Amino acid sequence: MANSVNISIEAPIENQIQEITYDGQEIYQAPLSMSENLARLAQKIDFSKTDDEFCNIKKEGECSSDTKSEDEKEPGYQSSLWPWDSVRNKLRNALTEVCVLADVLSIAKEKRYMVLDPVQPEQQENRPMVQVYGRKKALGAAAAVLLAGVERLRASETMRMTRNMPDFHIDLLRLRQNWRLKKVSNTIVGDLSYRTAGSKFSQTGVFEVTKAPEEQIAQAMNAAGPVPSALRVTVPPELQGVAFISVLCQKEQEDVVTATLSSAALNCPSSLPGEGAELHWQQKLEAAQNVLFCKELFARLAAEAVQLDASIPHMVVGNQIMATVLPGIQLLIGLCHNNGQNTNNANPEGVKPEGPSGKSDHDHVLEHSLHQLLRAVHHSNTHHPFPHPATGPLGPSKRRCLAGPMAADRYELLDMSKEQSLLEQIIQQAQHFFMRRRSEYVLDTIAKEVKDPLIVSHWNALNSPTQSCVKINIMAYGYDAVCRTSLVVHVGEKTLKCICRDGKVRHLSYELQELRDLIYCQIYQHQMTAVQAVGRCMGWQLLASSSHLGSGPVEPLGNASSCLLASPNGDRMIAIRCEPSVGIQVFIAQSPRKDFFASELVQDKKWEHLGGAFKEIKLEKMEGKNFLNKMELLMACLSSPS
């Protein structure tokens, strides 16, 4: 090949191991001398091969050059083309070998020319006592090693039985059932990292397992407390203590320096529970693994905050990440790690305790979401979708595998390759959290302010982290079967999607006033619809109805609406005008008119049935629980013949 590389192979410098004693000592074989090495190489030569096979390639060029010279000298000579030429040459070689063999046999048989005497091997001195002493010494060394181990085990077992001390090997077995261990030389080390679960964090979580001193175990057993362990686990200093990710949402500060996580907001404990006494190895390893997990999570979030190109840049200062969720609202993510070395920060007086007296602003839901997002990344790194068919490549998702048969274009392929980072996902969840909380505040405030009609909100229990749904029912007490107005609000990340009763869809922004205006408009529309429904039940006739009046002053919120109802006899009329800024106004008129007088222009008395002027009714002075109840009483009063 054109790109071939020469590789040199050399013999290893180390000598071969001849023997391994019982105590683990290795005895190497002495290197060969020059004469022994020459004899070893000579044994590998095969003298049965002829030199023709080795010389053909070497003399090929010489033969061709000689043939050319002979052809030039004797132009009339031609090589033999006899077909039995090769057979003749092989028979000649065989005859030569047989003749040589016959000569060798005759020389060896007649013994007139040469005598073959066997070579006597060197006589080794037979010393049986030396062998006996050597075997006795080897057996003594092996027996000493075994006896020393037995004495150590016997002493350890005797002390454990007399003092009722825990067994080291039983604790080691339990440790091995829960954690990854391996033996390196004479030490036992373990791994705390999540690499087998799919983590790619560079920091290692190696810990060392040793046997606890017997004096320390005896002191712990004499003191009151739990049964001590025979193991001692040593974790690195950077993984000691307690750590967690603090997530805090607050209003944006004018000064960036003040927008930091204080000790009261973090509420980081100074030490682990039970730190005064020796912690159990299980608690110690779980705390160290949690510290490693929090460090990996914060390192990933910090890297994403620097790489993301946001409209308002994210800031990473020390162990804190500041991101803008909504205008005027910041998301602070901090790594709180207390390894017990800083005694100044371990003062519990400066930390507000969680409880009724001092409540922390730390959001445990968003912290749990961050843990779940990182664990989902670990799971995706190790669990790849199986290919379909089985001979397909391993790795691409099902959607990307179908991109070829479905003829996906470039934009669809780019959309498949996009993945949201952990910081983007947690910001979206924080935005949805604020939108949901604002929507709840608006609905609760309107429900307190407006007593008539009733406003009932039903939030779905099963929601996604970035979208939730609320169903709003507007109804009057005692008239919920007559008329009920329902609308559904989908709360997203930065927008609201409202689906009204008539099927119209309205998209709102994150401003609170837009949702408030929409709810008030729906309330007054419900009042007008409910009055018409009550009128139909009472036998009244709807003469006119308009939800967008063009008369009167311009409403700052929504539009004015009205309706005109007539009694069953036709001698009474009720006019209702609803203005969101003013409220509901009710007017009545009756016929025949009492102030009708015949004139030269209008002489027929039938015109007195047109009705007189409308007079306003003061609803606040009427009896009734709510507006619909008052209207029902008014319709019943006007319908009576008296």
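This is a predicted model: local features need pLDDT of at least 70, side-chain atom pairs count only at pLDDT 80 or more; totals for chains, interfaces and linings use all residues.
A helix here is a DSSP run of H or I with at least four residues, a strand is a run of E with at least two, and both are numbered from the N terminus. The expected span of a helix is 1.5 Å times one less than its number of residues. Take helix 14, residues 512-538: its 27 residues should span 39 Å, and its end C-alpha atoms are 39 Å apart, so the two agree.

Residues are numbered from 1 along each chain as its sequence is written, and side-chain values use heavy atoms, with hydrogens and water left out.

Now zoom out. The protein chain has 15 helices and 20 strands. Of its 642 residues, 30% count as buried; that means under 20% relative accessible area, while exposed means over 50% and partly exposed is in between (1.4 Å probe, protein chains only).

Ile17 sits in strand 1 (residues 17-20) and counts as partly exposed because its relative accessibility is 45%. Arg577 belongs to strand 18 (residues 572-579), and its 15% relative accessibility is why Arg577 counts as buried. Arg577 touches, among others beyond four places away in sequence, Leu549, Pro553 and Ile584, where touching means heavy atoms within 4.5 Å.
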